[in-house]
Amino acid sequence: MSCRMSYAGLLAGAAGAIACAATDAAAHGFAGPRFFPATVATDDPFVADELALPTFAWFKDDGDVRTTTYSVGFAKRITSNFALEFSGAYVQQRPPGGTTVDGFDNFSLGAKYQISVNPVRETIFSIGIDADLGGTGTKRIGAERFSTIAPTFFFGKGFGDMFERTSMLRAFALTGSIGVAIPTEARTPDGLGGFEDNPNVLQLGLALEYSLPYLQSQVRNIGLGVPFDRLIFVTELSLDAPLDRGGGKTTGTINPGLLWAGQYVQLSAEAIIPWNRGSGHAVGILAQLHFYIDDLFPASLGRPVFGGRS
């Protein structure tokens with residue numbers, strides 16, 4: 001689960017418990033011995049009970065507006081393979097030489113269904129839909145008055161079955177999503193007596209991961225101790241490409257960083273590097289504190305509403 005941030009469509013189990021959790025393909029983010037962490041700039045491919053609080057981001061857009069966001073995201077499993085999601089963000093914007101304006105961005109509701117998990121191939125496939133609820137945010141920060149619906153396909157693939165058992169390349173994994181954000185209104189008033197076209201937007205997210213927990217438990221023990229034995233290197237790519245109605249150029253970010261996956265929480269820190277000039281003018285910061293609700297409260301809040309613990 002990620003808190004996608006407005007300017008580019010943005011914004012578990014324990015890493016040390018792989019050996020015991022590997023037998024449970026339905027555990028938080030696991031496919032066999034492969035643990036997929038909760039990514040920050042892009043959405044992860046699994047369903048889980050989880051809470052991202054807070055997600056912090058700072059960046060400068062193509063108009064040199066300094067934007068700070070504080071986001072929250074919550075996901076709750078209804079069954080072992082189906083979850084509902086909610087996210088919201090409080091935004092502060094400071095234009096060059098101007099005063100700061102703030103308010104809530106539009107809130108988002110989503111649903112995700114986990115189609116399959118293959119423990120041997122280390123794969124997860126899911127489908128989902130996200131609704132950005134128009135009119136629920138503050139107009140002065142640019143929250144749209146119309147809604148946007150985004151059906152999406154998600155995948156996760158570990159490299160454990162692709163190389164020899166002693167190859168350090170087995171610690172790599174790739175997750176991703178591809179969807180189309182469809183506005184509920186093709187044209188809306190621009191406030192100046194005219195109209196603004198709202199294009200359909202192709203949304204692409206990719207995350208390349210290198211897991212030190214996987215390396216030590218499944219390939220070779222290189223002697224890392226706490227806290228380095230729970231680190232996962234990640235580089236995320238989040239792109240929005242308008243498809244029609246004169247929507248303009250593709251925008252997005254590249255987000256290299258580190259994740260630390262504990263037994264109950266995950267800490268993440270990434271840079272925000274603009275994809276092009278239209279995406280921003282400076283390197284920003286993205287950080288998140290993420291709670292694994294299904295591991296913190298396995299007998300209560302962390303259980304699916306229907307279907308027990310699995």
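Predicted model: local features only at pLDDT ≥ 70, side-chain atom pairs only at ≥ 80, totals over all residues.
Me: Which side chain does E122 meet in a salt bridge?
Reply: The general idea first: side chains of opposite charge can pair when their charged atoms come close. The cut-off here is a side-chain nitrogen of Lys or Arg within 4 Å of a carboxyl oxygen of Asp or Glu. E122 pairs with R34 at 3.1 Å, N to O. R34 belongs to strand β2 (residues 34–35) and E122 to the β7–β8 loop, so the pair ties together parts that are 88 residues apart in sequence. Both partners, E122 and R34, are buried.

Me: How many salt bridges does that rule give?
Reply: The count comes to 10. Another one joins K112 and D44, with the closest N and O atoms 3.6 Å apart. K112 is in strand β7 and D44 in the loop between β2 and β3 (50–60), so this pair ties together parts 68 residues apart in sequence. K112 and D44 are both buried. Then look at D49 and K76, which meet at 3.0 Å, N to O. D49 is in the β2–β3 loop and K76 in strand β4 (residues 66–79), 27 residues apart. D49 and K76 are both buried too.

Me: Which residues are linked with K112 in a network of salt bridges?
Reply: D43, D44 and E85 are linked with K112 in that network.

Me: How do β3 and β4 run, and how many bridges join them?
Reply: Two strands pair if DSSP finds at least two bridges between them. β3 and β4 run antiparallel, joined by nine bridges. One place to check is K60, which stands opposite R66 in β4. The two strands form a hairpin with five residues between them. D64 is in that turn, with a positive phi of about 65°. D64 is partly exposed, with a relative accessible area of 30%.

Me: Which other strand pairs with β3?
Reply: β17 (residues 284–292) does, in the antiparallel sense, over seven bridges. L51, for instance, has F291 in β17 as its bridge partner.

Me: What kind of peptide bond joins L53 and P54?
Reply: A cis one, with omega about -5°; P54 is found in strand β3. Another cis bond joins V226 and P227, with omega about 5°. P227 is in the loop between α2 (212–219) and β14.

Me: Which residues make up the largest nonpolar core?
Reply: In soluble globular proteins, nonpolar side chains tend to be buried together. A core here is a set of buried Ala, Val, Leu, Ile, Met, Phe, Trp, Tyr and Cys residues joined through side-chain atoms within 4.5 Å. The largest has eight residues: F30, F35, A207, I232, V234, L259, A261 and Y292. A second, separate core of seven residues includes A171, Y210, L212 and L215.

Me: Which residues make the nonpolar surface patch?
Reply: Patches are made of residues with over 30% relative accessible area and no salt bridge: like charges are joined within 9 Å, nonpolar side chains (Val, Leu, Ile, Met, Phe, Trp, Tyr) within 5 Å. Areas come from the Shrake-Rupley method with a 1.4 Å probe, and for residues only the protein chains shown count as cover. This patch covers about 510 Å² and is made by Y113, I115, F125, I127, F153 and I178. The elements giving two or more residues to the patch are β7 (108–118) and β8 (123–132). F125 is found in β8.

Definitions and conventions
Residues numbered from 1 in each chain as written. Heavy atoms only, no water. Helix = DSSP H or I, 4+ residues; strand = E, 2+ residues; numbered from the N terminus. Buried < 20%, exposed > 50% of the residue type's maximum accessible area, 1.4 Å probe, protein only.
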